[in-house]
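Visitor: I'm new to this one and would like to learn how to read it. Could you walk me through it, one feature at a time?

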Amino acid sequence: MAPRSAAKSANPSTRDRIVTVAARLIQRQGYVGTGIKQIAKEAEATLGSVYHFFPGGKEAVAVAALTYSAEEFAELLREGLAGEGAPGPAIERCAAVLAVGLRESGWIDGCPVTAAALETLGTDSEIQRVCAEALCGWERIVEERLTASGIAPEDARDLATTVISALEGAEVTAQVNRSEEPLRAAGRQLARLVGSYR
């Protein structure tokens, strides 16, 4: 999900540059449309160094990049849901942050996890595994916040799945329509839904 930072430190290592560049490229072009030579070139790395760090080639780079992207969105969720207030408005704020980031990217910085997952459907690949883990991890973050606010655990689980599914779908719709409104509408309705459980 948008936005993505280019790197965590001022002087990232070669490996870190490869991972962050691959994450951005997958986010914008998808897994299939991203080549190992392009990753190396944009990361200012040699092909040899890419294969040194990632002997499994493109799939191994993609797994690391998707893991990185998944953690970035997890951080956004944790920060957005932190605090003492009701979780509904916090979820709405997260949706608004995504909407602004997507608009500011020119509608191209969507969710690399969704892009890669859709391109590799039906495969028993490491990419599918890491995408599934990302989605489940994001759901757990939301579930924990909902449970902490007093929502029953079984309801919190279902609501968390609904929240992540709605945000992912709304982000794709926002990209296609080049509009913040699908994400903002999803945020408003999710806040209302979550609020009805209190």
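This is a predicted model: local features need pLDDT of at least 70, side-chain atom pairs count only at pLDDT 80 or more; totals for chains, interfaces and linings use all residues.

Visitor: Let's start with a helix. What span should the 16 residues of helix α1 have, and what is the distance between its end C-alpha atoms?

Guide: The idea is to count 1.5 Å a residue and compare that with the end-to-end distance.

Visitor: Which residues of α1 are buried?

Guide: Buried means under 20% relative accessible area. In α1 that list is I18, V19, T20, V21, A22, A23, L25, I26 and Q27. Their cover includes α2 (36-42), α3 (47-53), α4 (58-81) and α6 (112-119).

Visitor: Which ones are buried in α5?

Guide: There you have P87, G88, A90, I91, C94, A95, A96, L98, A99, G101 and L102. The cover over them includes α4, α7, α8 and α9 (181-195).

Visitor: Now packing. At what angle do the axes of α1 and α4 cross?

Guide: For a pair of helices, look at how close the axes come and at the angle between them. The axes of α1 and α4 come within 8 Å and cross at roughly 80°. The two helices are therefore roughly perpendicular to each other. On the α1 side the meeting residues are R15, I18, V19, T20, A22, A23 and I26; on the α4 side they are V61, A62, A64, A65, L66, Y68 and S69.

Visitor: How do α7 and α8 cross?

Guide: Their axes come within 8 Å and cross at roughly 130°. That makes α7 and α8 oblique to each other, and α7 passes α8 in a right-handed crossing. Among the residues making this contact are L135, W138 and V142 of α7, and A156, L159 and I164 of α8.

Visitor: What about charges? How many salt bridges does the structure hold?

Guide: Side chains of opposite charge can pair when their charged atoms come close. This structure holds 9 salt bridges. Start with R129 and E133, whose closest N and O atoms are 2.7 Å apart.

Visitor: Where do R129 and E133 lie?

Guide: Both are in helix α7 (residues 126-148), 4 residues apart, about one turn of the helix. An α-helix has 3.6 residues a turn, so residues three or four places apart point the same way. R129 is partly exposed, at 34% relative accessible area, and E133 is partly exposed too, at 44%.

Visitor: Which parts does the pair of E143 and R157 tie together?

Guide: First the pair itself: the side chains of E143 and R157 meet in a salt bridge at 3.9 Å, N to O. E143 lies in α7 and R157 in α8 (residues 153-177), so the pair ties together parts that are 14 residues apart in sequence. E143 counts as buried at 19% relative accessibility, while R157 is partly exposed at 43%.

Visitor: Which residues are linked in a network of salt bridges?

Guide: R103, E180 and R184 are. Within that group, the side chains of R184 and E180 meet at 2.7 Å, N to O. R184 is partly exposed at 30%, and E180 is buried at 16%.

Visitor: Let's finish with single residues. Is R145 buried or exposed?

Guide: R145, in helix α7, counts as buried, with 13% relative accessibility. Leaving out residues up to four places away in sequence, R145 touches L81, G83, E84, G85, A86 and P87.

Visitor: And where is T46?

Guide: T46 sits in the loop between α2 and α3, and T46 is exposed, with a relative accessible area of 51%. To get a sense of distance, pick the C-alpha atoms of T46 and E104: they are 58 residues apart along the chain and separated by 31 Å.

Methods: Residues are numbered from 1 along each chain as its sequence is written. Side-chain values use heavy atoms; hydrogens and water are left out. The expected span of a helix is 1.5 Å times one less than its number of residues. Buried means under 20% relative accessible area, exposed over 50%, partly exposed in between (1.4 Å probe, protein chains only). Contact means heavy atoms within 4.5 Å. A salt bridge is a side-chain nitrogen of Lys or Arg within 4 Å of a carboxyl oxygen of Asp or Glu. Axes are lines fitted to C-alpha atoms, for helices over the stretch in contact, and angles run from 0 to 180 degrees between N-to-C directions. Angles under 35 degrees count as roughly parallel, over 145 as roughly antiparallel, 65 to 115 as roughly perpendicular and the rest as oblique. A crossing is left-handed if the near helix is turned anticlockwise from the far one by less than a right angle, and right-handed if clockwise.
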